[in-house]
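Subject: Structure handover

Hello,

Here is the structure for your files, with my notes below it. Please read the notes alongside the coordinates.

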Amino acid sequence: MARYVGAIDQGTTSTRFMIFDRSGTEIGRHQLEHRQIQPRSGWVEHDPMEIWENTLKTIGVALADTGLAPADLAAIGITNQRETVVLWDRSTGAPVAPAIVWQDTRTDYLLHDIDADLVRSRTGLPPATYFSATKIQWLLDEVDGLRARAENGEILFGTIDSWLIWNLTGGRHLTDVTNASRTMLMDLSSLDWSPELLAMFRIPRAMLPEIRSSAEVYGTAETVLPGVPIAAAIGDQQAALFGQTCFEPGEAKCTYGTGGFLLMNTGTTPVRSSHGLITTVGYRFGAERPVFALEGSIAACGSAIQWLRDQLGVLDTAGDSEILAGQVEDSAGVCFVPAFSGLFAPYWRPDARAAIVGLSRFHTSAHITRAALEAICHQTRDVVEAMAQDSGTVLDCLQVDGGVTANALCMQLQADILGVPVSRPAVAETTALGAAYAAGLAVGFWDSLDDLRANRHEDRRWQPSWSAARRTEGITRWRAAIDRTLDWVSVG
């Protein structure tokens with residue numbers, strides 16, 4: 001009898017395969033990074049074949065390292081970077097262009113000719129380059145002959161979950177409702193593709209995958225895991241919400257990865273935001289009613305640290321940020337706003353660009369690094385405040401997960417800047433755990449949500465230590481820095 005569940009966690013910078021037992025304990029993993037291709041300023045691309053090949057490698061190595069066979073897995077779930085666009089040839093399965101990543105801003109000019117009110121009312125999303133629709137439109141317009149081929153049914157679109165399902169199953173073209181809700185093409189009311197939005201963005205319906213629930217058997221794997229059911233697909237941030245067992249309205253989590261993502265469960269009725277947040281599908285299981293969420297998406301969290309490491313050479317590893325920032329008591333007035341691709345929630349300002357302000361000859365790389373950690377926390381606070389205004393729910397504790405939570409100084413700063421405790425679970429990589437939970441529920445590996453709640457254990461809690469005056473001073477300086485990043489580039 002299969003004793004484990006596997007999860008493919010395909011993220012912005014890497015792909016990992018993780019294996020969990022019934023207690024939600026990690027049994028094994030393997031992870032590989034893939035290239036970040038930036039041919040021009042504002043352009044971010046991935047190689048879909050590199051992602052697929054890395055997926056195969058991570059599964060194979062994880063199984064070999066744990067001594068397990070495919071038959072030991074009851075099911076696998078898929079979780080993925082969400083809005084990234086892949087187009088491929090229906091007959092050959094080969095990509096017809098590089099994948100355009102969610103961070104990419106090349107399509108900003110396409111947003112000026114759309115009906116913004118229609119987008120918001122149908123999708124719950126603000127019009128933005130972040131989402132998939134304009135990326136698909138750009139590829140159809142700019143790649144010679146592609147639009148005609150798409151209209152003839154020869155070209156398929158998918159977010160990364162669709163791309164992996166297609167390859168794993170030998171050609172099933174499916175997506176789940178959470179990923180579909182991030183394309184700017186799905187109607188939140190019907191949970192189906194909107195004919196009006198497809199017409200507005202000039203996207204042929206024949207390109208699009210069938211929308212399914214987040215937890216059901218989509219098919220069985222034909223490669224690397226022959227016969228194992230693929231039983232879940234769920235966008236990475238929704239997977240983390242599920243992995244954190246935020247099953248009740250008002251429960252929320254923040255995932256710190258390349259970007260930052262705060263989601264709050266709002267129950268089976270969508271809450272429309274008036275404070276710069278996204279209304280999205282949290283998850284849907286089988287034929288049950290979907291659960292909705294409010295989301296605040298932050299473009300740059302871990303990527304701010306990666307920039308210090310890779311572009312400035314200030315750090316040898318991302319983990320060094322805690323050591324370097326810990327050499328100083330504070331940022332000494334420096335603010336770093338990492339608006340490399342503009343500002344996302346709650347501002348939605350594509351014209352903004354990154355800035356480090358308040359510098360003098362006194363300041364060192366330690367002050368700038370500490371300012372980068374503070375920026376992660378201030379951006380999160382901005383979203384928490386907007387969420388409280390939209391939902392009427394004030395957080396008394398923030399549940400956190402993701403790679404950045406390994407930085408204890410950053411999490412202490414988060415508690416200080418928020419003024420509420422911050423709690424990290426024993427399994428910090430809850431994105432993969434959420435996908436495994438969804439797949440396990442779909443095949444009966446776990447019986448109920450209560451089984452999953454029983455698995456959650458707190459690893460560490462940070463209590464706020466700043467005075468109210470210090471917190472207010474920092475927030476005031478942060479907002480002044482935000483103002484200085486606006487109107488920096490011309491959009492359109």
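The secondary structure of the chain comes to 15 helices and 23 strands, where helices (H or I, at least four residues) and strands (E, at least two) are DSSP runs numbered from the N terminus. This is a predicted model, in which local features need pLDDT of at least 70 and side-chain atom pairs count only at pLDDT 80 or more, while totals for chains, interfaces and linings use all residues. Residues are numbered from 1 along each chain as its sequence is written, and side-chain values use heavy atoms, with hydrogens and water left out.

Along the principal axes, the C-alpha atoms fill a box of roughly 60 × 50 × 45 Å.

Of the 492 residues, 61% are buried (buried means under 20% relative accessible area, exposed over 50%, partly exposed in between; 1.4 Å probe, protein chains only). The accessible surface of the chain is about 17700 Å², and carbon and sulfur atoms hold 48% of that (Shrake-Rupley method, 1.4 Å probe; for residues, only the protein chains shown count as cover). Among contacts (heavy atoms within 4.5 Å) with a separation of 6 or more, 72% are between residues 24 or more positions apart.

Strand S18 (residues 291-298) is largely enclosed by the rest of the structure, because eight of its eight residues are buried. Val-291, Ala-293, Glu-295 and Ser-297 point one way from S18, and Phe-292, Leu-294, Gly-296 and Ile-298 point the other way. Two strands count as paired if DSSP finds at least two bridges between them. S18 pairs in the antiparallel sense with S16 (residues 260-267) over seven bridges, and Leu-262 has Gly-296 of S18 as its bridge partner. S17 (residues 278-283) also pairs with S18 in the antiparallel sense, over five bridges; here Ile-278 stands opposite Glu-295.

How many disulfides are there? With a disulfide taken as a pair of cysteine sulfur atoms within 2.5 Å, the count is zero. Cys-335 is in no disulfide, and the nearest cysteine sulfur, that of Cys-377, is 12 Å away. Cys-377 is in no disulfide either; the nearest cysteine sulfur to Cys-377 is that of Cys-410, 4.0 Å away. Cys-335 is buried at a relative accessible area of 6%, and Cys-377 is buried at 0%.

Regards
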